[in-house]
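Hello,

Here is the structure I promised to pass on. My notes follow below it.

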Amino acid sequence: MGKIPPSFRSALSNPNLIKPSSSLPSSSKPRHFPNKTPSNFPAKSRKPQQQQQQQPQPPKPLSPFKSPNLQDAKTLFNSIVNSSNAPNDFRFHNSLLQSYASISTINDSIAFLRHMTKTHPLFSPEKSTYHILLTQSCKSADSADSTDSTLAPIHQTLNLMVSDGVSPDKVTVDLAVRSLCSVNRVDDAVELIKELSLKHCVPDIYTFNFLVKNLCKCRTLSSVYSFIEEMRSKFEVKPDLVTYTILIDNVCNTKNLREAMRLVKVLHEEGFKPDCFVYNTIMKGYCMLSRGSEAIEVYNQMKENGVEPDLVTYNTLIYGLSKSGRVTEAKKLLRVMAEKGHFPDEVTYTSLMNGMCRKGETLAALALLEEMEMKGCSPNSCTYNTLLHGLCKSRLFDKAMELYEMMKSDGLKLDMASYATFVRTLCRVGRIADAYEVFDYAVESKSLTDVAAYTTLESTLKWFLKAKEEGLKV
């Protein structure tokens, strides 16, 4: 029966606790509990495992330019061109310009480009060449420190492009906006995108949404709305479903859920149909506030509008209902999601266990551990920490100790809540030595920092000694 201790069987076999869902898939062979990263809330999306592995980065090419001095750069360029029979390929010249631009000022980079075209007449700069200078002008320190205008170096580069017969396009707009936002110059990005829309080219919807997302991080909602309306009325750049999704996500994060529902109505009025991600985002907002009833209303509205719930939908609802104490309804959803072909994962079970522990149904929550194993779903660190915390709160000390030993054998980490509660429980029953052993494991497994682990243990011991001296019941 996997790694569940025999002493757990009395809890797991009790028919009055919880019945395993018959509609869930079973596994003929229980799976070993692997070491996993805790998950505290249903994820919005999951990347394939091969994408999560970090790919090795190729080494950066060495820069031939060691000094920002313009004359030194010109001399080195002349040497390269004369000694190596430099190709006429613009990519060769762009790489040299890029290398020098990384250490020089924008004015010196422009002068260096002029020297390149004069010394090597067969080289004809392309739009990508000017984009190197544009990126530098957006990110360089002299752009931010200019006393004339923060956009002056950018204007200088754009004017150079136009005078050389190269017109800024949507790629130019996108490059400038992203470069400015990468150095937290969002206000300059707004000013520039309006200017470029008026003189040269309006942004595409991807650039527009990128800027809206950055504006939501640093501006008031009303100013973001003003920007969107100005772009719509002056330049006919209309928000799409992604734009509204960004706005809904933003207002949900600020707990402005009434505005989120208003935006859903606006979506319909604009001819868009909210997708599963939009509804999941709003439900998550309600669940974080323990407003399970409103989350269910959104769920019902979602189905009425013909949007099929996914695994994240059910995980979000089970989390929200469990958090607000509506465990019975959460259990019903466990069956519903299985009937719809969405089988519970470790997030589903852990959320339900958390709600059951909150209601004092700790043994029933413990029974889910075996059900998880039977259905081929492996508990993670968060699952164990949730149960350990619940067992300690319910004063089921012996089972808490066995669960802790399971965690140690699998190398799973303790979180702060379960560690503090477990140490307190050990001190309460007079097992101070074991409390120190748990402290050692928390430090050795890097579950907590040394300071956090020691501070918690010290404060617990002080509380225990004080209570004992005063004759208080612990």
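This is a predicted model.

Glu 236 is exposed, because its relative accessibility is 68% and the cut-off for exposed is over 50%. The residue is in the loop between helix 12 (221–235) and helix 13 (241–253).

Look for Asn 184 in the loop that runs between helix 9 (170–182) and helix 10 (186–199). Its relative accessible area is 71%, so Asn 184 is exposed.

**Core**

The largest nonpolar core holds 126 residues. Which members touch the most others? They are Leu 211, Phe 227, Ile 282 and Tyr 419. Take Phe 227 and set aside its neighbours within four places in sequence. Phe 227 is then in contact with Val 190, Ile 193, Lys 194, Phe 208, Leu 211, Val 212 and Leu 215.

**Aromatic pairs**

There are ten aromatic pairs. One of them joins Tyr 100 and Phe 112. The ring centres are 4.9 Å apart and the planes meet at 45°, so this pair is tilted. Tyr 100 sits in helix 4 (residues 90–101) and Phe 112 in helix 5 (residues 106–119), so the pair ties together parts twelve residues apart in sequence. Both Tyr 100 and Phe 112 are buried.

Tyr 299 and Tyr 314 make another pair. Here the centres are 6.1 Å apart, and the planes stand at 65°, so the pair is edge-to-face. Tyr 299 belongs to helix 16 (residues 292–304) and Tyr 314 to helix 17 (residues 311–323). The two are 15 residues apart, and the pair links distant parts of the chain. Are these two tyrosines buried or exposed? Tyr 299 is buried, at 6% relative accessibility. Tyr 314 is buried too, at 0%.

Back to Tyr 100 and Phe 112: together with Phe 65 and Phe 77, they form one aromatic cluster.

**Charges over rings**

Two arginines are worth a look here. The charged end of Arg 178 sits over the ring of Phe 210, 4.3 Å from the ring centre. Arg 424 places its charged end over the ring of Trp 463, at 3.8 Å from the centre.

Best wishes

Technical notes: Residues numbered from 1 in each chain as written. Predicted model: local features only at pLDDT ≥ 70, side-chain atom pairs only at ≥ 80, totals over all residues. Heavy atoms only, no water. Core = buried A, V, L, I, M, F, W, Y, C linked by side-chain atoms within 4.5 Å. Buried < 20%, exposed > 50% of the residue type's maximum accessible area, 1.4 Å probe, protein only. Contact = heavy atoms within 4.5 Å. Helix = DSSP H or I, 4+ residues; strand = E, 2+ residues; numbered from the N terminus. Phe/Tyr/Trp six-rings, centres within 6.5 Å; stacked < 30°, edge-to-face > 60°. Lys NZ or Arg CZ within 6 Å of the ring centre and 35° of its normal.
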